[in-house]
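Visitor: I am new to this structure. Please show me how to read it, one feature at a time.

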Amino acid sequence: MMDYDKDGVLGKDDLRATFDWVGRPTTDKELNEMLSEADGPINLVNLLGMFAAHMSGDAYDDQTVKNAISSFDKKGKVDLELLRKRLTTEGDDPFNNDDLDTAYEALGVDDEGNVATSVLIEALCSGGGGE
């Protein structure tokens with residue numbers, strides 16, 4: 001949902017469209033500042049790395065994480081095998097399957113390989129998933 005031009009990288013136009021979608025007006029300055037926080041092109045792996053940095057006290061607030069994860073939502077769930085494919089094949093430092101297996105076990109994956117979007121958000125946000 002965030003990669004509106006479907007090129008595999010989040011750019012300024014993608015960010016603007018995402019902010020428009022959630023009903024939050026944003027300026028070019030804000031968008032440029034967000035893009036400048038990344039070490040390179042923002043693909044899925046880099047985006048999740050930025051979320052991890054937030055969890056350790058860095059740049060992103062919980063609402064940003066919620067909005068990003070919600071963009072992967074399909075009827076209240078996230079397909080973890082699709083997420084696995086992206087996390088293990090993209091970026092400069094892709095995840096390995098063993099680490100993902102461990103993380104997925106803690107999330108309560110259903111029989112179809114999905115996890116509730118709200119559970120994933122709660123796991124990634126420092127303040128939990130509540131508003």
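This is a predicted model: local features need pLDDT of at least 70, side-chain atom pairs count only at pLDDT 80 or more; totals for chains, interfaces and linings use all residues.

Visitor: How many helices and strands does the chain have?

Guide: Helices (H or I, at least four residues) and strands (E, at least two) are DSSP runs, numbered from the N terminus. This chain has seven helices and two strands. Along the sequence, their pattern is α-α-α-α-β-α-α-β-α.

Visitor: What percentage of the residues count as buried?

Guide: Buried means under 20% relative accessible area, exposed means over 50%, and partly exposed lies in between (1.4 Å probe, protein chains only). Of the 131 residues here, 34% count as buried.

Visitor: What share of the contacts joins residues 24 or more positions apart?

Guide: A contact means heavy atoms within 4.5 Å. Take the contacts with a separation of 6 or more: residues 24 or more positions apart account for 50% of them.

Visitor: At what angle do α1 and α2 pack?

Guide: Axes are lines fitted to C-alpha atoms, for helices over the stretch in contact, and angles run from 0 to 180 degrees between N-to-C directions. Helix α1 covers residues 12-21 and helix α2 covers residues 28-36. They pack at about 120°, with axes 10 Å apart. That makes α1 oblique to α2. The cut-offs are these: under 35 degrees is roughly parallel, over 145 roughly antiparallel, 65 to 115 roughly perpendicular, and the rest oblique.

Visitor: Is the crossing of α1 and α2 left-handed or right-handed?

Guide: A crossing is left-handed if the near helix is turned anticlockwise from the far one by less than a right angle, and right-handed if clockwise. The crossing of α1 and α2 is right-handed. On the α1 side, Lys-12, Leu-15, Arg-16 and Phe-19 make the contact. On the α2 side, Asp-28, Leu-31, Asn-32, Met-34 and Leu-35 do.

Visitor: Which classes of residue make up that contact?

Guide: Ala, Val, Leu, Ile, Met, Phe, Trp, Tyr, Cys and Pro count as nonpolar; Asp, Glu, Lys and Arg as charged; the others, Gly among them, as polar. The contact of α1 with α2 has five nonpolar, one polar and three charged residues.

Visitor: How do α5 and α6 pack?

Guide: Helix α5 (residues 80-89) and helix α6 (residues 97-107) pack at about 150°, with axes 11 Å apart. They are therefore roughly antiparallel to each other. The crossing is right-handed. Among the residues in contact are Leu-80, Leu-83 and Leu-87 of α5 and Leu-100, Tyr-104 and Leu-107 of α6. By class, this contact has six nonpolar, two polar and three charged residues.

Visitor: Is Arg-84 buried or exposed?

Guide: Arg-84 sits in helix α5. Arg-84 is buried, with a relative accessible area of 11%. Leaving out residues up to four places away in sequence, Arg-84 touches Asn-97, Leu-100, Asp-101 and Tyr-104. Arg-84 and Tyr-104 are 20 residues apart in sequence and 9.7 Å apart in space, C-alpha to C-alpha.

Visitor: Where do α4 and α7 meet?

Guide: The contact is made by Val-65, Lys-66, Ile-69 and Ser-70 of α4 and Thr-117, Leu-120, Ile-121 and Leu-124 of α7. The axes come within 10 Å and cross at roughly 145°. Lys-66, in helix α4, counts as buried at 9% relative accessibility. Lys-66 and Leu-120 are 54 residues apart in sequence, yet 9.1 Å apart in space, C-alpha to C-alpha.

Visitor: What is the phi of Lys-6?

Guide: Most residues other than glycine have a negative phi. Phi of Lys-6 is near 55°, a positive value. Lys-6 lies in the segment before α1 and is exposed, with a relative accessible area of 64%.

Visitor: Where is Lys-75 placed?

Guide: Lys-75 is in the loop between α4 (62-70) and β1 (77-79). Its phi is near 55°, again a positive value in a residue other than glycine. At 85% relative accessibility, Lys-75 counts as exposed.

Conventions
Residues are numbered from 1 along each chain as its sequence is written. Side-chain values use heavy atoms; hydrogens and water are left out.
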